[in-house]
Amino acid sequence: MPDLHRSHAVPLQIRAATLTDLPALAAWNAAMAWETEHRRLDPATLERGVRGVFEQPRRGFYLVAEHDGAAVGCLLVTFEWSDWRCGDFWWIQSVYVLPASRRAGAFRALYAEVARRAAAAGAVGLRLYVETENQRAQATYEGLGMQRCHYFMYEALLAEPVS
């Protein structure tokens, strides 16, 4: 496997995901859920969830990072309206980079593209959440200029959606 961290011969390319990426996006979401929470996701629900982004673009969009024509990572962007700021925050979610491609700039390139698109769209800011014990990811986000905010996240899960 080439050392992507040191190789600058073939730069990373960032592109919008398409429906043909659905199998990889679903697999990467499942891998991320297992790595971060030791949670197994239902494959059928996950596929419907990923497909739902493509079916209703108001929900968001996926970006894919490629190296030498091979997809190596992705993220999802969703939108949150802020009445305080009269604009959208863009939430970065479902971040996954293949283990062999980590620390090689894939997330940095994905983040730069999100920031570029968000600025062009007039978004008021970028947000993401991270596992409390994922120090490596937190350092990455801080290295990109993001700051830890003072909010805690709470959730209440409702009944499973009807298929």
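## Glutamine 56

Glutamine 56 counts as partly exposed because its relative accessibility is 29% (buried means under 20% relative accessible area, exposed over 50%, partly exposed in between, with a 1.4 Å probe and protein chains only). This is a predicted model, in which local features need pLDDT of at least 70, side-chain atom pairs count only at pLDDT 80 or more, and totals for chains, interfaces and linings use all residues. Residues are numbered from 1 along each chain as its sequence is written, and side-chain values use heavy atoms, with hydrogens and water left out.

Glutamine 56 sits in the loop between α2 and β2 (61-67). Helices (H or I, at least four residues) and strands (E, at least two) are DSSP runs, numbered from the N terminus. The side chains of glutamine 56 and arginine 58 are joined by a polar contact of 2.6 Å. Such a contact is a pair of N or O atoms within 3.5 Å; within protein, one must be able to donate a hydrogen and the other to accept it, and residues adjacent in sequence count only if both atoms are side-chain atoms. From glutamine 56 to glycine 73 is 17 residues in sequence and 22 Å in space, C-alpha to C-alpha.

## Helices α1 and α2

Helix α1 (residues 22-37) and helix α2 (residues 43-55) have axes that come within 9 Å and cross at roughly 125°. That makes α1 oblique to α2 (under 35 degrees is roughly parallel, over 145 roughly antiparallel, 65 to 115 roughly perpendicular, the rest oblique). On the α1 side, Leu22, Leu25, Ala26, Asn29 and Ala30 make the contact; on the α2 side, Leu46, Glu47, Val50, Arg51 and Phe54 do. Contact means heavy atoms within 4.5 Å. These residues divide into 7 nonpolar, 1 polar and 2 charged.

## Asparagine 29

Asparagine 29 lies in helix α1. It counts as buried, at 8% relative accessibility. Its side chain makes a polar contact with the side chain of serine 94, at 3.0 Å. A polar atom of that side chain also lies 2.9 Å from the backbone oxygen of leucine 25. Leaving aside residues up to four places away in sequence, asparagine 29 touches Leu41, Leu46, Val50, Tyr62 and Ser94.

## Two loop residues with positive phi

Aspartate 68 lies in the loop between β2 and β3 (70-82). Its phi is near 55°, a positive value in a residue other than glycine. Aspartate 68 is exposed, with a relative accessible area of 59%.

Arginine 103 lies in the loop between β4 (87-97) and α3 (106-121). Its phi is near 65°, a positive value in a residue other than glycine. Arginine 103 counts as partly exposed, at 47% relative accessibility.

Methods:
Axes fitted to C-alpha atoms, helices over the stretch in contact; angles between N-to-C directions. Nonpolar A, V, L, I, M, F, W, Y, C, P; charged D, E, K, R; others polar.
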